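Here is a short report on a loop, a ligand shell and a set of paired strands. Please view the structure first.

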Amino acid sequence: MPTTSPANTALPYDADALARTADAIAALTRELAALGWTPATSSNFSARLDERHAAITVSGRDKGRLGRADIMVVDFAGKPVATDQRPSAETLLHTQLYARFAEVGCVLHTHSRVQTVASRLYAPEGRVRLEGYELLKAFHGNTTHEAAIDLPVLPNTQDMPFLAAQVERLLDAGPLWGYLIDGHGLYAWGRDIAEARRHLDAFDFLLACELDLRTLRR
Ligand SMILES: CSCCC(=O)C(=O)COP(=O)(O)O
Ligand SMILES: [Zn+2]
């Protein structure tokens with residue numbers, strides 16, 4: 001049964017939920033933009049609306065200045081719903097997570113300097129091994145600093161179905177909270193916006209530590 005709102009009963013999603021979600025995404029992206037993590041209109045953000053729809057940023061918008069009109073609805077195949085706006089060029093990398101995991105409620109993608117530099121440095125190894133950090137406990141389900149977490153690094157491509165297939169292979173291999181794309185940026189997700197933000201923050205901080213250690217040990 002489609003969810004409807006009193007304002008527009010033709011919509012297959014709850015318009016009030018979209019408005020609330022859009023406000024939350026816009027507030028978050030302003031903070032991330034202020035940190036310099038969304039340069040030159042880069043980055044994209046989404047949150048689950050229901051079991052078939054997600055709210056996602058419109059392609060090409062300045063992520064530091066988003067309003068409700070800059071956030072649209074897609075289905076889990078990445079197709080726009082009830083709009084002729086163009087969703088993020090990387091929509092498939094968001095919707096594949098909603099389609100696969102009912103518990104994923106938010107997907108965040110940023111292009112911070114730390115994420116971008118780390119992706120270049122670790123691309124040949126195909127992963128960044130994070131171990132021995134108390135902050136590893138920031139990742140949902142991880143209760144100790146003793147477990148190592150691998151942050152995969154995928155080659156960049158404009159072929160989103162191909163990239164999404166590479167991500168599926170990573171997801172098949174075990175628990176994952178995010179991944180880097182070489183020369184591009186970081187994807188992280190969580191059960192809700194707060195958890196996805198925590199994972200994103202933790203990855204960025206730990207990558208910065210790894211980059212510092214590399215320099216200091218040279
Ligand atoms: C100028 S940024 C290049 C595209 C990109 O990597 C990105 O994150 C933003 O793309 P979108 O279509 O979501 O605006
Ligand atoms: Zn990007």
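The report starts with the loop and the ligand, then turns to the strands.

This is a predicted model; local features need pLDDT of at least 70, side-chain atom pairs count only at pLDDT 80 or more, and totals for chains, interfaces and linings use all residues. Residues are numbered from 1 along each chain as its sequence is written, while chains are lettered from A and ligands numbered from 1 in the order in which they are written.

**Loop and ligand**

Ala 40 sits in the loop between helix H1 (15–34) and strand S1 (44–48). Helices (H or I, at least four residues) and strands (E, at least two) are DSSP runs, numbered from the N terminus. Ser 43 is in the loop between H1 and S1 too. Neither phi below belongs to a glycine.

| Residue | Phi |
|---|---|
| Ala 40 | about 55 degrees |
| Ser 43 | near 85 degrees |

Ala 40 counts as exposed because it has 8 C-beta neighbours inside 10 Å. Ser 43 is buried, with 24 other C-beta atoms within 10 Å. The cut-offs are 20 or more other C-beta atoms within 10 Å for buried and 12 or fewer for exposed, with C-beta atoms placed from the backbone.

The residues around ligand 1 include Ala 40, Ser 43, Glu 90 and His 109. Here, near means a C-beta atom, placed from the backbone, within 6 Å.

**Strands**

S5 (residues 127–130) and S6 (residues 149–154) pair antiparallel over 4 bridges. Pairing takes at least two DSSP bridges. Arg 129 has Asp 150 in S6 as its bridge partner. S6 and S7 (residues 178–181) pair parallel over 2 bridges.
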